[in-house]
Structure formats: structure tokens, C-alpha cells
Amino acid sequence: MIAPQSGQLPPARPPLTALQVRELQSATALLRSGNARGAIGRIRPLLVNGLIHADAYALLASALRANGQLGEARTALGSAINLDPGNAGFWANLGELLEE
């Protein structure tokens with residue numbers, strides 16, 4: 001990720017567009033219903049298209065973990081932590097992932 005010229009990282013939770021909100025809500029519903037693969041399919045395009053949002057990375061990490069992709073889940077959670085290092089939940093999730 002490239003930081004802005006001021007040397008500051010972008011905010012951990014920048015405003016989302018209505019489409020991004022719908023896609024993340026859909027991904028959450030898919031994950032809750034047991035469709036981790038479908039959730040991953042909703043989240044990844046948002047991130048590929050430039051979304052930089054800690055919660056989106058954390059949601060992706062949860063979906064990847066549920067899908068058995070632990071290495072990728074750790075990477076996604078690392079991105080969430082880089083954006084929001086003060087989020088204790090992200091750190092706790094990383095600890096659980098590292099134990100698996």
C-alpha cells in the first residue's frame with residue numbers, strides 16, 4: 001500500500017459507498033450462512049478495486065479462515081491490523097489463527 005504524501009496512512013475505516021456497504025453486508029450474510037466461498041467472492045473484488053478498510057480485511061480473514069485458507073487469512077488479518085493497530089479484536093483473532 002502506498003501512503004499519502006503526508007506520510008500518514010489512510011483512515012482504518014474511510015466512508016463506504018452504498019455499493020460497498022451492500023457488498024460487505026451480503027458477504028457477512030453469506031459467511032453467517034456457511035458460504036465462506038461466496039463471501040470471499042464478494043469481498044475480494046472490493047479490495048482489488050481499491051477499498052482500503054480494516055473491517056473489510058477482517059471480514060475477508062474470517063471468510064478465508066472458515067474456508068480453510070489459514071495462510072491467506074493471516075495475511076488479510078495482518079492488513080486489517082496495519083490499518084487499525086489498536087483494534088484488540090483483530091489481535092485476538094490473529095492469536096487464534098496462529099494457534100491453528
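What percentage of the 100 residues of the protein chain count as buried? The share is 34%, where buried means under 20% relative accessible area, exposed means over 50% and partly exposed covers the range in between, computed with a 1.4 Å probe on protein chains only. This is a predicted model, in which local features need pLDDT of at least 70 and side-chain atom pairs count only at pLDDT 80 or more, while totals for chains, interfaces and linings use all residues. Residues are numbered from 1 along each chain as its sequence is written, and side-chain values use heavy atoms, with hydrogens and water left out.

**Overall architecture**

- The secondary structure of the protein chain amounts to five helices and zero strands, helices being DSSP runs of H or I with at least four residues and strands being runs of E with at least two, numbered from the N terminus.
- Along the sequence the pattern reads α-α-α-α-α.
- Among contacts with a separation of 6 or more in the protein chain, 53% join residues 24 or more positions apart, a contact being defined by heavy atoms within 4.5 Å.

**Helix α1 against helix α3**

- Two packed helices are described by the angle between their axes and the distance between the axes.
- The axes of α1 (residues 18-32) and α3 (residues 54-66) come within 11 Å and cross at roughly 25 degrees; such axes are lines fitted to C-alpha atoms, for helices over the stretch in contact, with angles that run from 0 to 180 degrees between N-to-C directions.
- Helices α1 and α3 are therefore roughly parallel to each other, given that angles under 35 degrees count as roughly parallel, over 145 as roughly antiparallel, 65 to 115 as roughly perpendicular and the rest as oblique.
- The crossing of α1 past α3 is left-handed, a label used if the near helix is turned anticlockwise from the far one by less than a right angle, with right-handed used if it is turned clockwise.
- On the α1 side the contact is made by Leu24, Ala27, Thr28 and Leu31, and on the α3 side by Ala56, Leu59, Ser62, Ala63 and Ala66.
- By class, this contact of α1 with α3 has seven nonpolar, two polar and no charged residues, where Ala, Val, Leu, Ile, Met, Phe, Trp, Tyr, Cys and Pro count as nonpolar, Asp, Glu, Lys and Arg as charged, and the others, Gly among them, as polar.

**Helix α2 against helix α3**

- The axes of α2 and α3 come within 9 Å and cross at roughly 150 degrees, and α2 passes α3 in a left-handed crossing.
- Ala36, Ala39, Ile40, Ile43, Arg44 and Leu47 of α2 meet Ala56, Tyr57, Leu59, Leu60, Ala63, Leu64 and Ala66 of α3, a set that divides into twelve nonpolar, no polar and one charged.

**Helix α4 against helix α5**

- The axes of α4 and α5 come within 10 Å and cross at roughly 160 degrees, and the two helices are therefore roughly antiparallel to each other.
- The crossing of α4 past α5 is left-handed, with Leu70, Ala73, Arg74, Leu77, Ala80 and Ile81 of α4 in contact with Phe90, Trp91, Asn93, Leu94, Leu97 and Leu98 of α5.
- The residues of the contact of α4 with α5 comprise ten nonpolar, one polar and one charged.

**Nonpolar core**

- The largest nonpolar core holds 26 residues, of which Ile43, Leu47, Leu60, Leu77 and Phe90 touch the most other members; a nonpolar core is a set of buried Ala, Val, Leu, Ile, Met, Phe, Trp, Tyr and Cys residues joined through side-chain atoms within 4.5 Å.
- Each of α1, α2 (36-48), α3, α4 (70-83) and α5 (88-99) supplies at least two residues of this core, and the largest share, nine residues, comes from α3.
- Leaving aside neighbours within four places in sequence, Leu60 is in contact with Ile40, Ile43, Arg44, Leu47 and Ala76.

**Individual residues**

- Ala27 lies in helix α1 and counts as buried at 0% relative accessibility; leaving aside neighbours within four places in sequence, Ala27 is in contact with Ala39, Arg42, Ile43 and Leu59.
- The C-alpha atoms of Ala27 and Ile43, which are 16 residues apart along the chain, are separated by 6.6 Å.
- Gln20, also placed in helix α1, counts as buried at 16% relative accessibility and touches Pro15, Leu46 and Leu51, not counting residues up to four places away in sequence.
- Asn93, in helix α5, is partly exposed with a relative accessible area of 31%, and the C-alpha atoms of Asn93 and Arg74, 19 residues apart along the chain, are separated by 9.2 Å.
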